[in-house]
Amino acid sequence: MSTVVTGLLFALILTRMLNPEEFGTWNLIISFISYSLVIEPVISYWTTRDIARGEKAGKTALLSSGMFSFGGSLIYLMVVFLLTKQSTVQEDIIFLSIILVPIMFLKGTLYAINMGWKPQVSSYSLLVSEVAKVPLGLFFIFILDMGIQGVLITFVIANLLSIFVLSYLAKEKIRNELKIRFLKKWVKNSWFSLYLSIGSMVMRLDVFIFVVVIDSVVGIAIFSASMIVSSINGHAGLVSSSTYPKLLSEEKGNYLQSNLTRFFYFSIPLTMISIFFAKAALYALNPFYAVTTIIVLFLTLRVFLNSINIVFTGFIYGIDKVDKNYNSKINDYFKSNMFKITFAKFIMVFGYLISLTVGLVIFRETLDDVQLVIFWAIISFLAYTPYTVYLGLVVRKNFKIKLEYTSIFKYILASIISFLVSYYMSNEFLVFSENVFEFIPNLVMYVLFGIGIYILITYVIDLHTKELIKSILNELKNK
């Protein structure tokens, strides 16, 4: 939850210090980095699954990741060379950003090792990198005014710090021997790990499509700023992150129902924060983006659905044992639930990209950048809806989980009351000052006020919340 605050602070530094063209260019770089990581799951995906099942695959994964990072760097160069020729973006900084590729490969593998062993360790690295970005960003971007170069330096240092933490905490798992049999297995099944991961990469082509069809990084900047505010809800999924390795280790899933209820306890109020305080949050990022609140609404709903999808996918992947048998054939993989739900995701992704492309071509002459991004946000939300319903049906078929509708309704009601009161007070008393150091503390105060009301109401009316708060207090007391 602390990274919600630090993430917003760093986003504030970016949006206040970079102009819309620079901010759009940086988000284009992030998309290119994601394309280069398409082969990274060949190692990291199987690493988590094997280590969760007690295999000593840490050192093999770490060394293999270094080799695969060279391939990722080549992919990055090819993507940049092909895509930047179609637009007017700054090429120098984009090529320089290749330094992030091997860093992200190493970080991804170390994260996978820890996720299979001690899932909570991965959160420590996230905390370190996110907290470090704030002072680093202030120094390189705000004080030295280095622009995108400062952002790149900040990302490099923050991720290296994260790698240090992950390496130290995973030292027990990377001191074992190099075992070629693991690498052979991973390479043999690489087609499957690539198949599972490539859908997310293809989804990010929406940024490239917008640049090519509209030739405007300003639109990307508007979309990205709105996504920063909308993505607050995405942190709720961390509540369920440990269920995947626990299911892989063949623990009984008796905790899944309560875990899902916990997920809704956090995700519902975070969604309400994004919606109620959209205008104020966008204004804090940069007054230029404050007119795009409708975009935040649809992107917040998209993020909410995607968070549910990530939780459901972790459940389904956790009980699939097709890779546990070294003699599994291709047909066995085709029959697995992992293959089936990924195929459904491909249908969703291609439907989304085709709809987006056709719509942008039709409306590019009649709509301005803001209106085109609104269309983009609506299409992205609609694309996720049927896929979420499908995953829900698959989970219902494979698990004996009943949604605790009474508790969820309480969370919705408490969230609406809490943040409606807080929003009304902010409308009455919050001054939209151009001085960000005055505006941000006042905005945070109203958000925290709403959170406080929400916790108080749910503590009074919901037994699950009482148990949660008591367990937290007991844990802190023991520490």
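Helices (H or I, at least four residues) and strands (E, at least two) are DSSP runs, numbered from the N terminus. I keep that in mind for every helix name below.

**Setting up**

I am working on a predicted model, where local features need pLDDT of at least 70, side-chain atom pairs count only at pLDDT 80 or more, and totals for chains, interfaces and linings use all residues. Residues are numbered from 1 along each chain as its sequence is written, and side-chain values use heavy atoms, with hydrogens and water left out.

**Entry 1: the nonpolar patch**

I started with Phe-139, which I found in helix H7. I call a residue buried under 20% relative accessible area, exposed over 50%, and partly exposed in between (1.4 Å probe, protein chains only). Phe-139 has 41% relative accessibility, so I noted it as partly exposed.

Which residues form a nonpolar patch on the surface with Phe-139? I listed Leu-138, Phe-142, Ile-143, Leu-144 and Phe-437 alongside Phe-139. Together they have about 620 Å² of accessible area. Patch members need over 30% relative accessible area and no salt bridge; nonpolar side chains (Val, Leu, Ile, Met, Phe, Trp, Tyr) are joined within 5 Å, like charges within 9 Å. The areas come from the Shrake-Rupley method with a 1.4 Å probe, and for residues only the protein chains shown count as cover. Helix H7 (residues 119-143) gives the largest share of the patch, four residues.

Next I looked at Asp-145, in the loop between H7 and helix H8 (148-169). Its phi is near 55°, a positive value in a residue other than glycine. Asp-145 is exposed, because its relative accessible area is 53%.

**Entry 2: salt bridges**

How many salt bridges does a search of the whole structure find? I got five. The test is a side-chain nitrogen of Lys or Arg within 4 Å of a carboxyl oxygen of Asp or Glu.

- Asp-323 and Arg-49 meet through their side chains at 3.0 Å, N to O. The pair links distant parts of the chain, 274 residues apart: Asp-323 sits in the loop between helix H16 (293-319) and helix H17 (330-334), Arg-49 in helix H3 (residues 41-52). Both Asp-323 and Arg-49 are buried.
- Lys-185 bridges to Asp-50, with the closest N and O atoms 2.9 Å apart. Here Lys-185 in helix H9 (residues 180-188) is linked to Asp-50 in helix H3, 135 residues apart. Lys-185 and Asp-50 are both buried.
- Glu-55 and Arg-181 meet at 3.5 Å, N to O. Glu-55 is in the loop between H3 and helix H4 (58-84) and Arg-181 is in helix H9, so this pair ties together parts 126 residues apart in sequence. I noted Glu-55 as partly exposed because its relative accessibility is 26%. Arg-181 is also partly exposed, at 41%.

I also found a network: salt bridges that share partners join Arg-49, Arg-53 and Asp-323.

**Entry 3: two helices, checked for length**

The expected span of a helix is 1.5 Å times one less than its number of residues. For H22 (residues 463-478), the 16 residues should span 22 Å, and the end C-alpha atoms are 23 Å apart, which agrees.

Which residues of H22 are buried? They are His-464, Thr-465 and Leu-468. These cover an arc of only 100° around the axis, so they lie on the same side of H22. I take the arc from the directions from the helix axis to the C-beta atoms. On the other side of H22, Leu-463, Leu-473, Lys-477 and Asn-478 are exposed. The buried residues pack against helix H14 (256-276), helix H20 (405-429) and helix H21 (436-461). Contact means heavy atoms within 4.5 Å.

I then turned to H12 (residues 217-230). Its 14 residues should span 20 Å, and its end C-alpha atoms are 20 Å apart, which agrees. H12 is mostly covered, with 13 of its 14 residues buried.

I found Asn-233 in the loop between H12 and helix H13 (243-248). Is Asn-233 buried or exposed? Its relative accessible area is 0%, so Asn-233 is buried. Leaving aside neighbours within four places in sequence, I listed its contacts as Ser-267, Leu-270, Thr-271, Val-303, Phe-304 and Ser-307. I also checked Ile-310, 77 residues from Asn-233 along the chain: their C-alpha atoms are separated by 13 Å.

Last, I looked up Phe-350, in helix H18 (residues 337-363). Phe-350 is partly exposed, because its relative accessible area is 43%.
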